[in-house]
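I opened the model today to look up a few things. My entries follow, in the order I made them.

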Amino acid sequence: MPNEVVVSNFIRSIIDEDNRAGKWGQRVETRFPPEPNGYLHIGHAKSICLNFGIAHDYNGVCHLRFDDTNPEKEAQEYVDAICENVAWLGFDWGQNLHYSSDYFDQLYAFAEYLIAQGKAYVESLSADEIRERRGTLTSPGQNSPYRDRPVDESLDLFRRMKAGEFPDGKYVLRAKIDMSSPNMNMRDPVIYRIRHIHHQRTGDKWCIYPMYDYTHCISDAIERITHSLCTLEFEDHRPLYDWVLDQLVDNVPCHPQQIEFARLNLTYTVMSKRKMIELVESGLVDGWDDPRLSTLAGVRRRGYTPKSIRQFIERIGVSKADSWIDVSVLEDCLREDLNESAPRRVVVLKPLKLIIDNYPEDQEEDCFAPNHPKKPEWESRIVPLSKTIYIERDDFMEEPAKGYFRLSPGAEVRLRYAYIVKCVAVDKNAAGDIEAIHCTYDADTKSGTEGAKKRKVKGNIHWLSAKHVGQAEVRLYDRLFVDPYPDTGDKDYKTLLNPESKEVIVAYVEQSLSHAEPGQSFQFERNGYFIADHTDTKPGKPVFNRAVTLRDSWEKITSV
RNA sequence: UGGGGAGUCGCCAAGUGGUAAGGCACUGGAUUUUGAUUCCAGCAUACGUAGGUUCGAUCCCUACCUCCCCAGCCA
């Protein structure tokens, strides 16, 4: 029985039905099977959350299995990174860390068995010749002249392939299925190839390596996986998955069920490995963990929390329909998490000097700012006030737009946690740029006093005392692309980059922020959620990344 | 034009032969010292199209349309 009530989906329906029918004796075992040939991205998070989530909900287990059958493209560096990402997302594979390469011996033995059964043969044709005879989508392929090679001869050849007697490409092992099948995958697929190359785990023990279609189903079966979840493009591989296991009924412990779901498509980003590599290698982004990338390393550095990613995956659901999820859904999941968990701080991103004319020159006083508006137990911190302060440029308009209720000449606004002030003058330089604004304050309106209750003003802005501020580098990130679908069709995605996806500024920050630890998240009041960068934050010298802005219904009004 | 899939509100996504869950977005309104949050209310006579079966169809049947995937010794 599921541990908690969750939204139904077609995969859970299948499992529920299996449980009712007693197909697996109530056992649910899944696996996340990445090939260690690159970095994980948010699309993988869907598979991870799905596999681990289902296993958890049905009191089952989920394995982490590296599908490392192609040593040409794989590296230990990637398995380390993948393990780290999965753990970061909050999942635990326990003792179930596996590698397809763990099964090379068994896979080999099964291959000899298939040959002996007349279900596989050694092919002498070259890759090109095989392709020529494969037929097309609408016409059948033709049998290889080697298809009926005697079992003993195939066996001998296969053993010599393994022994290293032949160069790459000389022979392959093919499953003997049906060259006229309308399903291309069934036209005698290659299941072993010769590759004289060092494998990151098995070293030089092997020079023949099994192919995905042959390996995956057997690995699933060996691990006694019950439900093997994969993406839609493997739908027409399923007959092959089943065929292999059917040949091996007497040799493997079970026959897992492959179930396919639609992969995640996210707007305003690219997810394809090739394009990500290009972005990284051409320097268009700052490495694999660039906060604008949808790699797991990137979103983590951007400030996304594991919880927000899990929430996101839960929110988008799972089905077999191709779909596009708007990044705003992801962003909103982060806000939902951080609104609860992030302490508030005051930061002035784009400063404008404000002088309180009637405030005593050398006076300073403490104002108390709660660390969270809804959590008094988080207590308050002191934010000092003095005659000269900085406010956000956006919080002043010399000629206020309709509906604008922040500061403008003659207007009143509350300095958050302090006094109500009124704008009385504007200083400009020779060029006409505003250099500072002057206000007077109403000494009877300090926040927390009785006087504060007597007057209400609509505008409420944040500020920082000029003589008490610290400074910090802040990186304002925005979407990497201006086009919602940069990854589709034959678009030249590099021309669709958002030139303003990264803006680096030096902001005024309240002093408590200079002690921020790498990875700590904050809400900069009225601005957004920021994280102290994991790698660039140094003791006493934080660097902040903007993960996401706050919702802003004023901006929504003005941008229309 | 072969085979395999998919089409339910702006975006996701449940669901059943008996008269369309939910989330997000959106729109009102309340609260609010974040134009944030929270709260409350509203939001598909309609399930790709056209026929048919039925007392009744989004769900069954037929035809059609659109989109996605497949011709690696990649996974």
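**Two loop residues**

I started with Glu379, which sits in the loop between β13 (365-370) and β14 (380-385). Helices (H or I, at least four residues) and strands (E, at least two) are DSSP runs, numbered from the N terminus. The model is predicted, so I note that local features need pLDDT of at least 70, that side-chain atom pairs count only at pLDDT 80 or more, and that totals for chains, interfaces and linings use all residues. Residues are numbered from 1 along each chain as its sequence is written, chains are lettered from A and ligands numbered from 1 in the order in which they are written, and side-chain values use heavy atoms, with hydrogens and water left out.

Glu379 is not a glycine, and I found its phi positive, near 65°. Most residues other than glycine have a negative phi. Glu379 counts as exposed because its relative accessibility is 56%. The cut-offs are under 20% relative accessible area for buried, over 50% for exposed and partly exposed in between (1.4 Å probe, protein chains only).

I then checked Arg526, in the loop between β23 (521-524) and β24 (528-532). Arg526 has a positive phi of about 65° and is not a glycine. With a relative accessible area of 32%, Arg526 is partly exposed.

**RNA strand B**

How many residues surround RNA strand B? I read 65, the closest being Lys374, Arg406, Ser447, Arg551 and Ser553. Near means a heavy atom within 4 Å.

I sorted the surface near RNA strand B by class: 22 nonpolar, 20 polar and 23 charged residues. Ala, Val, Leu, Ile, Met, Phe, Trp, Tyr, Cys and Pro count as nonpolar, Asp, Glu, Lys and Arg as charged, and the others, Gly among them, as polar.

**Largest cavity**

The largest cavity has a volume of about 220 Å³. Its lining has 18 residues, and Arg292, Arg302, Tyr304, Val327 and Leu330 are the closest to its centre. A cavity is a set of points on a 1 Å grid over the protein atoms alone where a 1.4 Å probe fits but cannot get out, and lining residues have an atom within 4 Å of a point. The volume is the space filled by probe spheres set on the points, which are joined across faces, edges and corners. α12 gives the most to this lining, with three residues.

How values were computed:
On a 1 Å grid over the protein atoms alone, a cavity is a set of points where a 1.4 Å probe fits but cannot get out, and a pocket is an open set with protein on both sides within 12 Å along at least five of seven lines; lining residues have an atom within 4 Å of a point.
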